[in-house]
Amino acid sequence: MPDVTGPDTAAPDTAPRLPLGPEETLHVLVPSRALAEAVEAVSPRIRAHRSPDEGVPSGEAAQAQVLVPRGGGEIPAEVLDALPQLRLVQLMSAGAEKFVGRLPERVTLCNARGAHTPSTAEWTVAATLAAQRGIPHFTRAQDAGRWDFRTEHSLVGAKVLMVGAGDIGRTIGRMMAGFDVDLTYVARTARDGVRGIDELPQLLPEADVVVLIVPVTPQTTGLVDAAFLAAMKDDALLVNAARGVVVDTDALLAELTSGRLRAALDVTDPEPLPAGHPLWSAPNLLLTPHVAGAVPDTNARATAAVTDQLARVLAGEPLRNVVSDY
């Protein structure tokens, strides 16, 4: 079982290569005209084809060896069946849970690890600061024209438990270092500078802030259940920048409604959050609609991950960010 920090990626010396003849054209299915222009700019040997909004690829598009899915969504079985030469699915996101175990054995899955790292880390720090300093409360008071002075919490010197010690978790840690936080990393297996996930019952009662930045796996789905939340100290803050299914929504609602815990969520279960859902009106909650990665530079970084991978294919180099297992 891999660490809860993120998907396993093959080491450079063991990572697969995409077989391609020295003069062979690389056909790539892409979701947008802008990405098509970007990938064709890599080399004259690359031919980009737009993925059909409906139906299956046909003609030259059906020769695609590489597929870049639209928005990280699932690939219908009929599309995979129409692509007999497909060898690589290259994501523009880090999350790969919708694809693991759902692709033919001949197809390698790669993600865009790092493309969303700065923006997600930035959201996590911003949401943590806002929640700690009571910004949601003061914004509502401003809207009501009410001068409502009160003392809130602080991030400076807080004990922060980072559940997930991968690329994004480490970046969040570096950003929070300027606030002199007492930071503890947690992953499945203890190692130098990282505590084991089995130590959570002892670590949770000491943390002022608990940050979730793990992938969706069978081990992390529902990780934050009633017992996890009950172990957190009174008035602690839970920050979820991972996926909604990592947290038991009903258990969290019970803690928020009682006033014992606070939370900042960019992701929910269900998602999108439907009208009338109790999370909308839950107290002690800062809620954003899965926007942590939504900054102008994210798309450019994701595009760079795709074009870099295609350049590696043409050069016969090992693929990067291969998702080998969850």
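Which residue in S3 does Val30 stand opposite? I began my notebook with that one, and I found Arg50 facing Val30. A reminder to myself before going on: this is a predicted model.

**Entry 1: the strand pair**

S2 covers residues 26–30 and S3 covers residues 46–50, and I see them pairing in the parallel sense over five bridges. To get from S2 to S3 the chain passes through helix H1, residues 33–40, and I noted this β-α-β crossover as right-handed. I also looked up Val28, and its opposite number in S3 is Ala48.

**Entry 2: the whole sheet**

Next I asked myself in what order the strands of the open sheet run. I read S3-S2-S4-S5-S6, five strands with parallel pairing. The edges are taken by S3 and by S6 (108–110); each has a single partner strand, so one side of each is left without a neighbour in the sheet.

**Entry 3: two domains**

I turned to the domain assignment of the protein chain. Domain 1 is made of 26–111 + 296–315, while domain 2 spans 117–287. Their C-alpha centres are 34 Å apart, and I find four residues from domain 1 and four residues from domain 2 in the contact.

How much area is buried between domain 1 and domain 2? I get about 330 Å², with 47% of that coming from carbon and sulfur atoms. On the domain 1 side, Glu97, Thr298 and Arg301 lose the most area to domain 2, and together they make up 85% of what that side buries.

I also checked the polar side of this interface. There are two residue pairs in polar contact between domain 1 and domain 2, counting pairs with both residues at pLDDT 80 or more. The rule finds one salt bridge across the interface. For the pair Arg243 and Glu97, I noted a salt bridge with the closest N and O atoms 3.2 Å apart. Glu97 was already on my list, being among the residues of domain 1 that lose the most area to domain 2.

**Entry 4: salt bridges elsewhere**

How many salt bridges does a search of the whole structure find? My count is twelve. I picked out Asp234 and Arg260, whose side chains meet in a salt bridge at 2.9 Å, N to O. This pair links distant parts of the chain, 26 residues apart. I located Asp234 in the loop between helix H7 (226–231) and strand S11 (237–240), and Arg260 in the loop between helix H8 (249–258) and strand S12 (262–265).

My last stop was the loop between S12 and strand S13 (285–287), where I found Pro270. The peptide bond from Asp269 to Pro270 is cis, with omega near 10°. Pro272 is in the loop between S12 and S13 too, and the bond leading from Glu271 to Pro272 is cis with omega near -5°. Asn284 also has its place in this loop, and I noted a positive phi of about 60° for Asn284, although it is not a glycine. I wrote these down because most residues other than glycine have a negative phi, and most peptide bonds are trans.

How values were computed: Residues are numbered from 1 along each chain as its sequence is written. This is a predicted model: local features need pLDDT of at least 70, side-chain atom pairs count only at pLDDT 80 or more; totals for chains, interfaces and linings use all residues. Side-chain values use heavy atoms; hydrogens and water are left out. Two strands pair if DSSP finds at least two bridges between them. Helices (H or I, at least four residues) and strands (E, at least two) are DSSP runs, numbered from the N terminus. A crossover is right-handed if, with the strands pointing away from the viewer, the path from the first strand over the helix to the second runs clockwise. Domain bounds come from an automatic or database domain assignment. Contact means heavy atoms within 4.5 Å. Buried area is the accessible area (1.4 Å probe) that two parts lose on being put together, summed over both. A salt bridge is a side-chain nitrogen of Lys or Arg within 4 Å of a carboxyl oxygen of Asp or Glu. A polar contact is a pair of N or O atoms within 3.5 Å; within protein, one must be able to donate a hydrogen and the other to accept it, and residues adjacent in sequence count only if both atoms are side-chain atoms.
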